[in-house]
Amino acid sequence: MTINPLTQDDPTINAEYAGGQWRARGRNLTTRDVTALQENFARQVEQINGRRSLSDEAKRIAIARAYRDTRNQVQAAGQAVLDQVTSERARLSRKLFGYEGDADPNTVIVRRDAADRAAKLTEPHEAQRALERAEVHGDVHLAQAIAAHAQAHMWGDVVSSWLTSHPEAGETAQQLDALPDPSDGVWRMQHAMTYSVMAPDAVAGLSDYQVDALADTVLDGGDAAA
């Protein structure tokens, strides 16, 4: 098996779902790109601290600017990943529960009514019974709405019951399950930690607002920190 050198050391995000298939990442930002940004920032800090022509305050301002630029790039990369995951989960959810593509006005009304009825279900056992009744009566839209409602509330047994009756949806369900869930607190914490930059001593303890203010500082006699 050929190992993709761009992703072999990237255990957190090493694949993406695009074009109808999973494939190794390489062209988009991954944690390897974040590592490269962090390493470049560390070199910048070392170079700034090595400039004897700069005063301590000028060095601190220059480091604040380098930190701000790196922080913004890393945060943008993290947001791009979050947006991609959220968008893909929404697309797969629509596909899974039959809401993909345009619908005629009557179907839109039926779907809206089904979603309203499903939203009133507050317990998984209620949803299970309602799903069974909808399936028996051939109410496709209500069954889909109940399954979608169960998916949103993580009622796994109800979703599994619906998938058992609709094996054709299994592949889409697997693709959805393989994606991280942005609503999961643990994942969000890991994601935030991955897409972050450790502040160097020169700006340690400062808030982002304070770092930005320091970076915008102009020293007397000109911008000696540039």
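**Exercise 1.** Which residues in helix 2 meet which residues in helix 7?

*Solution.* The structure is a predicted model, in which local features need pLDDT of at least 70, side-chain atom pairs count only at pLDDT 80 or more, and totals for chains, interfaces and linings use all residues. Residues are numbered from 1 along each chain as its sequence is written, and side-chain values use heavy atoms, with hydrogens and water left out.

Helices are DSSP runs of H or I with at least four residues, numbered from the N terminus. With contact taken as heavy atoms within 4.5 Å, Arg-89, Leu-92, Ser-93, Lys-95 and Leu-96 of helix 2 meet Thr-172, Ala-173, Gln-175 and Leu-176 of helix 7.

**Exercise 2.** State how helix 2 and helix 7 are oriented to each other.

*Solution.* Axes are lines fitted to C-alpha atoms over the stretch in contact, with angles from 0 to 180 degrees between N-to-C directions. The axes of helix 2 (residues 56-96) and helix 7 (residues 170-178) come within 9 Å and cross at roughly 155°. Helix 2 is therefore roughly antiparallel to helix 7 (angles over 145 degrees).

**Exercise 3.** Classify the pair formed by the rings of Phe-41 and Tyr-67.

*Solution.* The whole structure holds two aromatic pairs (ring centres within 6.5 Å; planes under 30 degrees apart are stacked, over 60 edge-to-face, the rest tilted). The centres of Phe-41 and Tyr-67 are 5.9 Å apart and the planes stand at 50°, so the pair is tilted. Because Phe-41 lies in helix 1 (residues 31-49) and Tyr-67 in helix 2, the pair ties together parts 26 residues apart in sequence.

Notes:
Helices (H or I, at least four residues) and strands (E, at least two) are DSSP runs, numbered from the N terminus. Angles under 35 degrees count as roughly parallel, over 145 as roughly antiparallel, 65 to 115 as roughly perpendicular and the rest as oblique. Rings of Phe, Tyr and Trp (its six-membered ring) pair if their centres lie within 6.5 Å; planes under 30 degrees apart count as stacked, over 60 as edge-to-face and the rest as tilted.
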